[in-house]
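Below are some questions and answers for a reader who is new to this structure. Please look at the sequence and the model before going on.

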Amino acid sequence: MPQQRFPKIEILSIAPHAISFILSETDTSMANALRRIMIAEVPTLAIDLVEYSENSSVLNDEYIAHRLGLIPIRYTPDGSVKGGDCNQAFLSHRECVNPTRPDQERGLALTVTSKDLVCSNLLVSPAHFLNEEEQDRSHDEGISIVKLGPGQHLKLKAIARMGISKEHAKWCPVAVATYRFWPIITINEEACNMLTLEQKQELVDACPDRILELDEITGNLVAVENAYEMATFTEDLKMTQNAMKKRPEDDDFVTVEHSTDKFVFSVETTGAMDAEEIVMSALKVLKDRLNYLAAEVEKLKD
């Protein structure tokens, strides 16, 4: 009978738009299942239907509808918003010669952005920017949709509904959801004592990830404090120490192996949800799937 596992999560860093954490005491199957659920099965809101009253812009209806669908939609979890049959209406009416624009700008092109979308539900709104830094760098007030020239108009009604990325990528809440194996760095002190200081420095310089350094007091090889963040490519290190060995069968001075039960996750959002909410939603979906599987297995036993 397989040994029961108790997975643990340790938060490394957290922000509204990104989270990094360690998943330990589990295996690759669980780590990959969590990653795939975050990408494809966390429900979010996205514009799914667009009804045009007028469109005289340079872009056709289908092109604008596609752009609208990819705008991240944020919502406050509420009983009226949750559920796959929930519809939220966005209205937009823009024309280039807008009475509210200054006289010197009325003849210039007007950029229609996500700021021009007005939702009928106060709990729902487009995610115009990922964070304040992105907002400061932007030249527009929101996500650009189309530019209108003099005499051009755009009037539409857009319907947003809940969905998952398995159906279409516009419902994907993450821009990045990856994991990598935790590196296990082992330094053979006995073998390293046979090396000169120059040879130790050569091992430090041979690794492009710079996961090793020399202790200033003892002169011994040690792993840097944040080696787990940088240890990716270690072939150069292996080739260098093989050249230093007196015999090919001698033990390595430094070995870097990946852990089979510890993983470092990095998750970045599209803006539709906070990173913490995505992880919690993915864990809930995974739990529901496992409970469903357990119930089906019990039925077969009966």
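Buried means under 20% relative accessible area, and exposed means over 50%, with partly exposed in between. The model is predicted.

Q: Is Glu41 buried or exposed?
A: The relative accessibility of Glu41 is 12%. The cut-off for buried is under 20%. Glu41 therefore counts as buried.

Q: Which residue forms a salt bridge with Glu41?
A: The closest N and O atoms of this pair are 3.6 Å apart, and a salt bridge needs a side-chain nitrogen of Lys or Arg within 4 Å of a carboxyl oxygen of Asp or Glu. Glu41 lies in the loop between α1 and β3 (44-55), and its partner lies in the loop between β10 and β11 (174-187), 125 residues apart. The partner of Glu41 is Lys166.

Q: Is Lys166 buried or exposed?
A: The relative accessible area of Lys166 is 57%. The cut-off for exposed is over 50%. Lys166 is therefore exposed.

Q: How many residues apart are Lys8 and Glu25?
A: The side chains of Lys8 and Glu25 meet in a salt bridge, with 3.3 Å from N to O. Lys8 is in strand β1 (residues 8-15), while Glu25 is in the loop between β2 (18-24) and α1 (28-40). The pair links distant parts of the chain, and the separation is 17 residues.

Q: How many salt bridges does the count come to?
A: Side chains of opposite charge can pair when their charged atoms come close. Among the pairs is Arg247 with Asp250, whose closest N and O atoms are 3.1 Å apart. Salt bridges that share partners also join Asp48, Arg161, Glu167 and Lys170 into one network. The count comes to 13 salt bridges.

Q: How many disulfides does the structure hold?
A: A disulfide needs a pair of cysteine sulfur atoms within 2.5 Å. Cys119 is buried at 15% relative accessibility, and Cys207 is buried at 0%. The number of disulfides in the structure is zero.

Q: Which residue's backbone nitrogen does the side chain of Gln152 reach?
A: Gln152 is in the loop between β9 (144-148) and β10 (153-163). Gln152 counts as buried because its relative accessibility is 17%. At 2.6 Å, its side chain reaches the backbone nitrogen of Gly149.

Notes: Residues numbered from 1 in each chain as written. Predicted model: local features only at pLDDT ≥ 70, side-chain atom pairs only at ≥ 80, totals over all residues. Heavy atoms only, no water. Helix = DSSP H or I, 4+ residues; strand = E, 2+ residues; numbered from the N terminus. Buried < 20%, exposed > 50% of the residue type's maximum accessible area, 1.4 Å probe, protein only. Polar contact = N/O pair within 3.5 Å; in protein donor to acceptor, adjacent residues only side chain to side chain.
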